[in-house]
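Please prepare a briefing on the structure below. Group the points by topic and state the cut-offs behind each term.

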Amino acid sequence: MLFRSNTSLASGRSVSFTVNNNQIISAKDVVIVNIASGATAATYSISVTGVSASGSFIITIGNNSNTAAADTLVINFAIIRVNN
């Protein structure tokens with residue numbers, strides 16, 4: 001997945017976006033996410049903040065550094081299906 005934004009993320013702020021993926025079949029599915037590369041001087045947090053049975057999940061990225069950040073992050077994710 002490649003998501004690009006040329007927007008700077010202010011210190012202490014976060015941004016969320018929805019990822020549509022037809023491999024999500026239940027809100028009980030587990031999504032694991034990490035930053036593969038692209039984080040330079042800023043310290044980021046990344047997490048999945050929601051999973052929908054309709055085939056999507058929400059990723060939230062936070063800037064934990066003392067300055068604004070405008071890195072191009074490469075994000076990896078894995079989906080673990082949970083059988084009901």
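The accessible surface of the protein is about 5,300 Å², and carbon and sulfur atoms hold 49% of that surface. These areas come from the Shrake-Rupley method with a 1.4 Å probe, and for residues only the protein chains shown count as cover. The model is predicted: local features need pLDDT of at least 70, side-chain atom pairs count only at pLDDT 80 or more, and totals for chains, interfaces and linings use all residues. Residues are numbered from 1 along each chain as its sequence is written, and side-chain values use heavy atoms, with hydrogens and water left out.

**Overall make-up**

- The protein has 0 helices and 5 strands, in the sequence pattern β-β-β-β-β.
- Helices (H or I, at least four residues) and strands (E, at least two) are DSSP runs numbered from the N terminus.
- Of the 84 residues, 27% count as buried; buried means under 20% relative accessible area, exposed means over 50%, and partly exposed lies in between (1.4 Å probe, protein chains only).
- Among the contacts in the protein with a separation of 6 or more, 71% link residues 24 or more positions apart; a contact means heavy atoms within 4.5 Å.

- An open sheet of 3 strands is ordered 1-4-3 and has antiparallel pairing.
- Strand 1 and strand 3 are the edge strands, each pairing on one side only.
- On average, neighbouring strands of this sheet are turned by 20° against each other, direction ignored; the axes are lines fitted to C-alpha atoms (for helices over the stretch in contact), and angles run from 0 to 180 degrees between N-to-C directions.
- Two strands pair if DSSP finds at least two bridges between them.
- Strands of a sheet pair through backbone hydrogen bonds, either parallel or antiparallel.
- Strand 1 and strand 4 run antiparallel and are joined by 7 bridges; Asn20 has Ser56 as its bridge partner in strand 4, and Ser14 has Gly62.
- Strand 3 (residues 44-52) pairs with strand 4 over 8 bridges, also in the antiparallel sense, with Ser45 opposite Gly62.
- A hairpin is formed by strand 3 and strand 4, with 3 residues between them, and Gly55 in the turn has a positive phi of about 95°.
- Strand 4 is largely enclosed by the rest of the structure, because 7 of its 8 residues are buried.

**The aromatic pair**

- A search of the whole structure finds 1 aromatic pair.
- Phe57 and Phe77 form this pair edge-to-face, at 5.1 Å centre to centre with 65° between the planes.
- Phe57 is in strand 4 (residues 56-63) and Phe77 is in strand 5 (residues 74-80), so the pair ties together parts that are 20 residues apart in sequence.
- Rings of Phe, Tyr and Trp (its six-membered ring) pair if their centres lie within 6.5 Å; planes under 30 degrees apart count as stacked, over 60 as edge-to-face and the rest as tilted.
- Phe57 is buried, at a relative accessible area of 1%, whereas Phe77 is partly exposed, at 27%.

- Asn21 is in the loop between strand 1 (14-20) and strand 2 (30-37), and at 16% relative accessibility Asn21 counts as buried.
- The Asn21 side chain reaches the backbone nitrogen of Gln23 at 2.8 Å.
- Asn63 is in strand 4 and is buried, at 0% relative accessibility.
- The side chains of Asn63 and Ser65 make a polar contact at 2.6 Å.
- A polar contact is a pair of N or O atoms within 3.5 Å; within protein, one must be able to donate a hydrogen and the other to accept it, and residues adjacent in sequence count only if both atoms are side-chain atoms.
- Asn34 belongs to strand 2 and is partly exposed, at 37% relative accessibility.
- Leaving aside neighbours within four places in sequence, Asn34 is in contact with Ile46, Val74, Ile75 and Asn76.
- The C-alpha atoms of Asn34 and Leu73 are separated by 10.0 Å, and the two residues are 39 residues apart along the chain.
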